[in-house]
Structures are given as C-alpha cells and as structure tokens.
There are 2 protein chains.
Amino acid sequence: MKKEKELYRKFLRSKNLKLTKPRLIIMEAVFENHDHFNVDDLYEQIKKKHKNVSRATIYRTVPLLVESGLIKQSLRCESKDIYEHTYGHENHLHFICINCGKIIESGFNEVANLIDKLAEAKGFKISEYNLGARGLCKNCKKNKE
Amino acid sequence: MKKEKELYRKFLRSKNLKLTKPRLIIMEAVFENHDHFNVDDLYEQIKKKHKNVSRATIYRTVPLLVESGLIKQSLRCESKDIYEHTYGHENHLHFICINCGKIIESGFNEVANLIDKLAEAKGFKISEYNLGARGLCKNCKKNKE
DNA sequence: ACTTTATTGAGAATGAATCTCAAAATCACC
DNA sequence: GGTGATTTTGAGATTCATTCTCAATAAAGT
C-alpha cells in the first residue's frame, strides 16, 4: 500500500503534475478497492467518506493511474469502462456475464504459460495480458431455460 | 458466401424471426466487408447502394448476427463497438506491439481448449473470447537494445 | 387477400465520457 | 508564511454512440 502511493507520487512529479487533494483521494479510493471498479464506483465510494470529488476529476485522474502503470483498463462491462489493479496483483482471466454483468475470475498461470510459449515462438516480449471471455454465468445460464 | 447466408436464414427461422428486407440488406453489407466494421460503416455502405435502412435497424440487427455466430464483437475502437467476422475466419490470439502498433496473430485452439476447461469448472458458458497481450514485437525489442 | 403479429423508421431519450471556464488550489520563489 | 504564475477543480453543458418509443408497414400462415 505504501509503495503504491510512493510510485504514484513519483509518477506525478515526473510529469510535473501537482499533488492535489482530489488526486490523492482518488488514489486512496482506488487502493481500497481490491478488484474491479469503474468511475461510478469510485464516485460513490468517495462520497460515502464525505470527501467530495467531482465525476469530471475522476474521469481526468483515472487515465493518469493507468499511465502510471498501477491500474489498467479491462474489458468494458454494462457499457462502462472498467479498471483493475496491476501493481502487486496477480493477473486474472475474466469471464464476463453478458446477462448480469458479473465478473468471474479464474486461474491464469496455465494460460499465461501457454501464451508465453506462443509469443516466444514469434519473438514477442509480453508486458501485459488481456485475457477474457464473454458468455453466461452459471445462474443466468440456468435462468435462460 | 452462400453458406453464410443460408446459416443466417436458418438462424432467423429457428428463432421465429422474419426474413425482412432490411435484415437481408444488412447481412449482405456485412459480408461485403472482409474484416472489421462498426455500425456507422454499415450505415454508410448501405446508403451508397441506394438501399435505405435506418441506424436503429442496424443496431437491432447486428446483435442477431452476433448471436448467430457469424460475427463477434471485437475490442472497441474510437469509442465505437466494432465487429469482426468469425464464420470461415479462424480465431486468433492478438499480440499488439506497444511500440509500433503492429498486430501479430497467433494460433488459438490450444489456448481456447484450456480456457474452455477453466470456464466449465465455473459453470460458465463462453460465447466469445477476447485474448491478447501487449508488448514488444521482434523488431522493436531488438531496436530497444 | 385477410389478419395477426413482428418489424421498421424517425426522432426522442439515455447515459457515459468529455469539454468549458470561472474559481480555487498548488508550489516555487522570495 | 505570503505572493503570484500556473494547474487543477467543480458544476454544468455538451457530445455522441446506443437504445427506446410508437405509429405505420411488412411478413407469412390461413
């Protein structure tokens, strides 16, 4: 947790961006969340803590967090852009339910190993995986019958 | 080309959907396109042929084509949903070079098989895969040294 | 043809993301 | 710890892809 904040501060400095309150509040909210989130989630989360930050600011700040490498954009869900942690978090394979929006995470290492091999065969050096699939989760599959 | 049309007709019938002119015109436009397209592309393409179909109808029809398995939703581009052919087109794993933007396609079946197993273990029914990785291609990797 | 039922078109509505600009905050400098 | 140049913020307006509405139209079984 400490390290992430330090990295973020360094990143802002290196870009000559100011360490403002809203930027710190948003970062904290992001690190309280331990899996996926979208801008609306952050907005509600911050509001609950009585710290007010406008949606516009969150929309402006999230791309900075992405650029800093602490989070990354994931597959969209319910027509919203969603984000996930990258720093200190295992990579996951995501199954997104097209009916209810639920995200199911699954093991990743096996898949990554296989993909690493394929990439190596092409001389490609992977820095970030994007692995997922859309479909129906257990419940929604059942209800469709 | 013939087969795809036949499959589409069968699909519509199996769903008790009518074989209307707009639905056929849209299907033809889709099959004239041989790689990626979005709703706007289709709209312009159809208009050029003096066949008029409203945007609303295209928006309603594209999901049918997806459901029928002839096309699938791909990664969005310029904040528009884009689609790509699946029928008669191999699935690919995309390696995207973050330096030069090149897309390298790689085999897919092995990976898909593995992912199918993982999904099954979670009771998840996959309808569409999104598999890729970002990194450096052979050339760019070399040039960075 | 006729009738029922699904589909279409045109424009209105929605909603996530972006933009605008005056007011407020940061920070380098004194 | 104040001052001023420069960024950043908030609030609401705006944009634009997508979805919805509903009267008019078309499909297809009889």
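Q: In what sense do strand β2 (residues 71–73) of chain B and β3(B) pair, and over how many bridges?
A: Two strands count as paired if DSSP finds at least two bridges between them. Strands themselves are DSSP runs (E, at least two residues) and helices are runs of H or I with at least four residues, both numbered from the N terminus. Here β2(B) and β3(B) pair in the antiparallel sense over three bridges. One residue pair shows this: I71(B) stands opposite H85(B) in β3(B).

Q: What kind of model is this, and how are its parts numbered?
A: This is a predicted model, in which local features need pLDDT of at least 70 and side-chain atom pairs count only at pLDDT 80 or more, while totals for chains, interfaces and linings use all residues. Residues are numbered from 1 along each chain as its sequence is written, chains are lettered from A and ligands numbered from 1 in the order in which they are written, and side-chain values use heavy atoms, with hydrogens and water left out.

Q: Which face of strand β4 (residues 93–97) of chain B is covered, and which is uncovered?
A: The covered face of β4(B) holds L93(B), F95(B) and C97(B), while H94(B) and I96(B) make up the uncovered one. With strand β5 (residues 103–106) of chain B, β4(B) pairs in the antiparallel sense over four bridges, and F95(B) has I104(B) as its bridge partner there. Strand β6 (residues 125–136) of chain B is also joined to β4(B) by four bridges, but these two run parallel. In that pairing H94(B) stands opposite G132(B).

Q: How many helices and strands does chain A have?
A: Chain A has six helices and six strands. From the N terminus on, its elements run α-α-β-α-α-β-β-β-β-α-β-α. Of its 145 residues, 45% are buried.

Q: In what order do the three strands of the open sheet in chain A stand?
A: The order is β1-β3-β2, with antiparallel pairing. β1 (36–37) and β2 (71–73) of chain A stand at the edges with a single partner strand each, so one side of each has no neighbour in the sheet. Two bridges join β1(A) to strand β3 (residues 83–85) of chain A, and F37(A) stands opposite Y83(A).

Q: Where is H50(A), and what is its phi?
A: H50(A) lies in the loop between α3 (39–48) and α4 (55–67) of chain A. Its phi is positive, about 65 degrees, although H50(A) is not a glycine. H50(A) counts as exposed, at 74% relative accessibility. S79(A), in the loop between β2 and β3 of chain A, also has a positive phi, near 55 degrees.

Q: How many salt bridges does a search of the whole structure find?
A: Side chains of opposite charge can pair when their charged atoms come close. The search finds 12 salt bridges over all chains, each being a side-chain nitrogen of Lys or Arg within 4 Å of a carboxyl oxygen of Asp or Glu. One of them joins R55(A) and D40(A), with the closest N and O atoms 3.0 Å apart. R55(A) lies in helix α4 and D40(A) in helix α3 of chain A, so the pair ties together parts 15 residues apart in sequence. In chain B, D81(B) forms a salt bridge with R76(B), the closest N and O atoms being 2.9 Å apart.

Q: Which residues gather in a patch of positive charge on the surface?
A: A patch is made of residues with over 30% relative accessible area and no salt bridge, joined within 9 Å for like charges and within 5 Å for nonpolar side chains (Val, Leu, Ile, Met, Phe, Trp, Tyr). Accessible areas come from the Shrake-Rupley method with a 1.4 Å probe, and for residues only the protein chains shown count as cover. Lys and Arg count as positive and Asp and Glu as negative, without His and the chain ends; a charge is placed at NZ of Lys, CZ of Arg, CG of Asp or CD of Glu. The residues here are K125(A), K138(B), K141(B) and K142(B). Helix α6 (residues 138–143) of chain B gives the largest share, three residues. K141(B), which is in this helix, is partly exposed, with a relative accessible area of 31%.

Notes
Buried means under 20% relative accessible area, exposed over 50%, partly exposed in between (1.4 Å probe, protein chains only).
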